[in-house]
Amino acid sequence: MQASLVLTILGLDRPGLVEAVSQTIAKHGGSWQESRMVRLGGRFAGVLLVTVESSEADALSSALRGLEASGLAVVVEHAAEVEAGGELRALTLDLVGQDRPGIVRDISSALAQRGVNVIDLHTSVSSAPMSGEPLFHARVHLLSPQQLRLPELRDALERIADDLMVEIALGERAD
């Protein structure tokens, strides 16, 4: 029987971090399933889903936590069983506007109030082409209850976007 483990990884960025994690997983017969890894503020941060034989899960968890001696903090959790939550619609939200505090807070609050789940969030800040002002960009993958009307959600987000002075695009995602 297979066990699924979710790992969070954090350490000072340097060559060889992914190799250390992958070697440890391979030594225990684990399989690297999905991951998101990035360099932020001079740190390496990642989230990773691994499957491994249930009989090896504890040994793999211990070995991964042993990487802390090399400066890599690893948290290991057993993946949760996902229950069917009814019909859900996959959506994508794109946002761009002048960077300012509160953008993610306000948008995520509006989504949560309507039962919309953020399943993937990617943000960045870049310089505007003409002015050089910081521009905030977000691409968000969402799961929305089927009964929530898309125009209703779009209207709510556009009202917030007007207050935040950002542009949004909301649409159904084809997976």
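Guide: Gladly, starting with pairing: two strands pair if DSSP finds at least two bridges between them. Strands (E, at least two residues) and helices (H or I, at least four) are DSSP runs, numbered from the N terminus. This is a predicted model, where local features need pLDDT of at least 70, side-chain atom pairs count only at pLDDT 80 or more, and totals for chains, interfaces and linings use all residues. Residues are numbered from 1 along each chain as its sequence is written, and side-chain values use heavy atoms, with hydrogens and water left out.

Visitor: Which strands form the open sheet, and in what order?

Guide: Four strands form it, in the order 2-3-1-4, with antiparallel pairing. Strand 1 and strand 4, for example, are joined by seven antiparallel bridges, and the definition asks for at least two, so they count as a pair. Within that pairing, T8 has V75 of strand 4 as its bridge partner.

Visitor: What makes strand 2 and strand 4 edges?

Guide: Strand 2 and strand 4 (72-78) each have a single partner strand, so one side of each has no neighbour in the sheet.

Visitor: What packs on the sheet?

Guide: Helix 1 touches strand 1, strand 2, strand 3 (43-53) and strand 4. Helix 2 (residues 57-65) touches strand 1, strand 3 and strand 4.

Visitor: Why is D13 with R39 called a salt bridge?

Guide: A salt bridge is a side-chain nitrogen of Lys or Arg within 4 Å of a carboxyl oxygen of Asp or Glu. For D13 and R39 the closest N and O atoms are 2.6 Å apart, which meets the cut-off. D13 sits in the loop between strand 1 (2-12) and helix 1 (17-27), while R39 belongs to strand 2 (residues 31-40), 26 residues apart.

Visitor: How many salt bridges does the structure hold?

Guide: Three. D94 and R139 form one of them, with the closest N and O atoms 2.6 Å apart. D94 lies in strand 5 and R139 in strand 7, so this pair ties together parts 45 residues apart in sequence. R105 and D106 also meet in a salt bridge, at 2.8 Å from N to O.

Visitor: Why are the buried residues of helix 3 said to line one face?

Guide: In helix 3, I103, I107, A110 and L111 are buried. Seen down the helix axis, the buried residues fall within an arc of 100° (taken from the directions from the axis to the C-beta atoms), so they line one face.

Visitor: What makes a group of residues a nonpolar core?

Guide: The name goes to a set of buried Ala, Val, Leu, Ile, Met, Phe, Trp, Tyr and Cys residues joined through side-chain atoms within 4.5 Å. The largest such core here has 22 residues, and I107 and L170 are among those with the most contacts inside it. Helix 4 (150-164) is one of the contributing elements, and it gives the most, with six residues.

Terms used
Buried means under 20% relative accessible area, exposed over 50%, partly exposed in between (1.4 Å probe, protein chains only). Contact means heavy atoms within 4.5 Å. Axes are lines fitted to C-alpha atoms, for helices over the stretch in contact, and angles run from 0 to 180 degrees between N-to-C directions.
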